[in-house]
Every structure is written in C-alpha cells, then in structure tokens.
Amino acid sequence: MSRITPRALAAVFAAAAFGCLIPVSAMHLGDEMKWGDGPPTLPKGAKAAVLQGDPGKAGPFVMRLHAQSGYKVPPHMHSMMENVTVIKGTLMLGMGDKIDEKAAKAHHAGDFVAIPAKTNHYAIMKGETIVQIHGEGPFDITYVNPDDDPMKKK
Ligand SMILES: [Cu+2]
C-alpha cells in the first residue's frame, strides 16, 4: 500500500487552490481591456472599459473609468451603492450638493471607497486617473443640478 505523505498531500492542495484561480470565463487583462468612450451619462472626456457584466443591466458589474487631470463629475447620486477602487492617479471625492475642491478627500491608487445609495457626491481627478467601479446594475446617475446632466445637453 502506498502511503500519502504530508508533502504529497500539500502539493495536491496547492494544485487545487491554484486550480480555483484559473479563469473559467472571460478574463480581461491590461492590454486586452477594451476602452471606449465613457457613458453618455458622464461628462465628456472619460474612457470606459467594462470588465464584467453590463452596468446598464440587472446584475453585478465591474467597470473602469479613465480620465485626465481636471476631469470632474458634478454633484450626483445613484440609486445603488457605488464601490470605487482607485487604480491609478488620485480621485478627489466630496460629499454634498456643491463642488468644493477643498472639502473633497483624496483617494490614491489602491484606495477603496463605498458611496452609499442616494447620497450626493462629486469627483475630481488629479493627474491621469483610472478608477474601477463595481456594483449591482442597472447603474443609474441623477445629477443634483439637471443642467449638469450631459444627456440633457444638445
Ligand atoms: Cu458617483
């Protein structure tokens, strides 16, 4: 009878653990990510890439937004939680109905922030910035000042 040594057993578990990490469905890596124009609901100038799901449909989604320094999203809210992870650059995030750069808090690459549903907030990018947003779709946006809504501009 062959004995299973602890070392052999450890190797089996290690293989099993790594097996779990092998993607079974689509996986997007840096170069393969498809960047397009940002959604029409956001001010012009941003690029967006959807990593998982569809922010416009029901279910979980993961997307990234890429914008240059100075890009701003005026005060707005979502009817669901917005989870933001900063990938690159600095996201200045403020809570409230009016943009106030001094009141905005800096979030740097690696930082995570969850913005509760129905809570007015605004964002300003400092430096070339990429943020990853995940949540439960359909992801909506309501601007505090309707004139800030790019969908209403012609
Ligand atoms: Cu938001």
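Two strands are said to pair if DSSP finds at least two bridges between them. Helices (H or I, at least four residues) and strands (E, at least two) are themselves DSSP runs, numbered from the N terminus. The structure described here is a predicted model, in which local features need pLDDT of at least 70 and side-chain atom pairs count only at pLDDT 80 or more, while totals for chains, interfaces and linings use all residues. Residues are numbered from 1 along each chain as its sequence is written.

The protein contains one helix and nine strands, arranged along the sequence as α-β-β-β-β-β-β-β-β-β. Strands β1 (residues 36–37) and β2 (residues 47–52) run antiparallel and are joined by two bridges, with Gly-36 opposite Ala-48 in β2. Strand β2 also pairs with β3 in the antiparallel sense, over five bridges; here Val-50 stands opposite Met-63 in β3. These two strands, β2 and β3, form a hairpin with six residues between them, and Gly-53 in the turn has a positive phi of about 70 degrees.

Of the 154 residues, 19% count as buried (20 or more other C-beta atoms within 10 Å of the residue's own, C-beta atoms being placed from the backbone). Leaving aside neighbours within four places in sequence, Val-84 is in contact (C-beta atoms within 7 Å) with Leu-91, Val-113, Ile-115, Val-131 and Ile-133.

Terms used:
Contact = placed C-beta atoms within 7 Å. Buried ≥ 20, exposed ≤ 12 C-beta atoms within 10 Å, placed from the backbone.
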